[in-house]
Amino acid sequence: MNDTFLRACRGEEVEYTPVWLMRQAGRYLPEYQTVRSNIDFLTLCKNPKLAAEVTLQPVDILGVDAAILFSDILIPLEAMGMRLEFSDKEGPVLSEPIRSKTSVEKLIIPDVEDDLPFIFDTIRILRKELENKVPLIGFSGAPFTLATYMIEGGTSKNFLHTKKMMFQNSPVFHYLMEKLTDMLISYLSFQIKAGAQAVQVFDSWAGILAPVDYKKFAFPYVKKVISEIKKERVPVIYFVNNCAGILKEVKNSGADVIGVDWRVDIADAIKKLGKKITIQGNLDPCALFLPKEKLEERVKDILWKGETAKSHIFNLGHGVLPQTPVENVIAMVEAVHTYGRRR
Ligand code: CP3
């Protein structure tokens with residue numbers, strides 16, 4: 001098996017820098033568009049055969065070193081009793097946002113096996129079809145990121161509802177975070193039991209918090225999720241978007257790998273995170289619109305700086321954008337494999 005990615009997660013010797021991309025399956029791929037033209041996004045996520053098919057597309061097309069389960073961080077919120085829709089214009093919509101103690105009380109801690117069987121089935125199909133070609137990553141949102149979607153009812157500009165709950169009704173906010181933490185521990189353990197060989201926890205919105213609030217309202221919960229999941233003995237990756245201001249805290253999350261966005265110089269992030277953690281990242285997704293030579297320069301710069309870490313997994317600093325030319329993504333993966341070889 002090509003286990004370069006898993007070895008880099010654990011900080012073991014690797015022959016070259018492994019690479020995968022957040023949102024490597026998706027709308028920028030014509031093959032994905034073809035599948036999606038006949039089915040809406042949520043139905044696709046719940047169809048194990050098709051979800052497995054689109055998971056494998058980037059593995060075959062790009063030659064990446066890991067596959068990531070095709071699903072969404074918001075899927076388990078439906079199982080908690082929320083109504084979820086995806087609109088082409090607005091993105092995710094949760095039509096009855098959580099704003100009170102009663103609405104938190106009503107949230108169900110799902111029985112993952114009974115309520116999310118398609119996740120288990122998709123992972124099982126994938127492990128079989130991948131035939132150990134590359135490892136399979138499972139994932140979830142972090143408690144804080146999921147809480148923002150639940151409280152705002154979708155994406156937000158200034159997260160006022162979330163912060164109002166934190167500041168004016170903190171027992172209710174903490175109660176919600178506790179429920180999410182319990183749900184995530186069983187959800188991620190379930191993915192690992194089904195066959196996920198590593199898991200990534202996405203904290204897409206942690207960076208909107210003042211460091212003092214991150215420390216109090218978000219960090220303790222994600223730390224608990226990570227420490228419980230580590231008992232399952234697979235590598236845990238914690239991706240924090242807009243991480244620069246909170247790296248001091250993030251360093252103590254317990255994750256084997258920290259994923260960083262592109263707004264921070266990866267050399268600075270490595271210095272702050274220290275020698276015990278593998279770093280993942282952090283090319284600006286828009287760099288995939290650069291001419292090939294300039295793109296290669298950026299890739300080399302990140303690879304060169306990545307050498308100063310315990311270990312480095314190449315990735316973007318956030319997800320691939322739908323408008324991205326596929327040939328540039330292929331060129332990027334090739335550049336990582338060419339220039340990332342250890343001397
Ligand atoms: O390839 C992969 O990375 C695996 C699949 C995956 C998706 N979403 C598929 C998806 C993963 C890991 C996610 C995570 C996710 N989902 C996050 C964390 C990462 C991040 O981007 O910050 C978040 C915040 C979401 C919530 C979400 N899902 C939004 C805001 C949107 C709409 C905007 C957008 O980027 O498309 C989605 C939809 C979504 N999730 C699509 C895909 C392929 C597009 C759906 C489509 O129209 O086909």
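Student: Arg233: buried or exposed?
Tutor: This is a predicted model: local features need pLDDT of at least 70, side-chain atom pairs count only at pLDDT 80 or more, and totals for chains, interfaces and linings use all residues. Residues are numbered from 1 along each chain as its sequence is written; side-chain values use heavy atoms, without hydrogens and water. Buried means under 20% relative accessible area, exposed over 50%, partly exposed in between (1.4 Å probe, protein chains only). At a relative accessible area of 76%, Arg233 is exposed.

Student: What is the phi of Arg233 near?
Tutor: Most residues other than glycine have a negative phi. Arg233 sits in the loop between helix 12 (211-230) and strand 6 (236-240); helices (H or I, at least four residues) and strands (E, at least two) are DSSP runs, numbered from the N terminus. Its phi is positive, near 65°.

Student: What relative accessible area does Phe159 have?
Tutor: Phe159 has a positive phi of about 55° without being a glycine. Its loop runs between helix 9 (143-152) and helix 10 (160-168). Phe159 is buried, at 2%.

Student: Within what arc do the buried residues of helix 14 fall?
Tutor: Helix 14 (residues 266-273) buries Ile266, Ala269, Ile270 and Leu273. They line one face of the helix, because their directions from the helix axis to the C-beta atoms fall within an arc of 100°.

Student: Which residue just after helix 14 takes a positive phi?
Tutor: At the helix start, a side-chain oxygen of Asp265 comes within 2.9 Å of the backbone nitrogen of Ala267. Past the other end, phi is about 85° at Gly274.

Student: Which residues joined by a peptide bond have an omega of about -10°?
Tutor: Most peptide bonds are trans. The bond joins Gly281 and Asn282.

Student: How much of the ligand's accessible area does the protein cover?
Tutor: Around the ligand are 22 residues (a heavy atom within 4 Å). Oxygen atoms of the ligand lie 2.5 Å from a polar side-chain atom of Ser204 and 2.6 Å from a side-chain N or O atom of His318. Of the 880 Å² that the ligand has on its own (Shrake-Rupley method, 1.4 Å probe), the protein covers 88%.

Conventions:
Polar contact = N/O pair within 3.5 Å; in protein donor to acceptor, adjacent residues only side chain to side chain.
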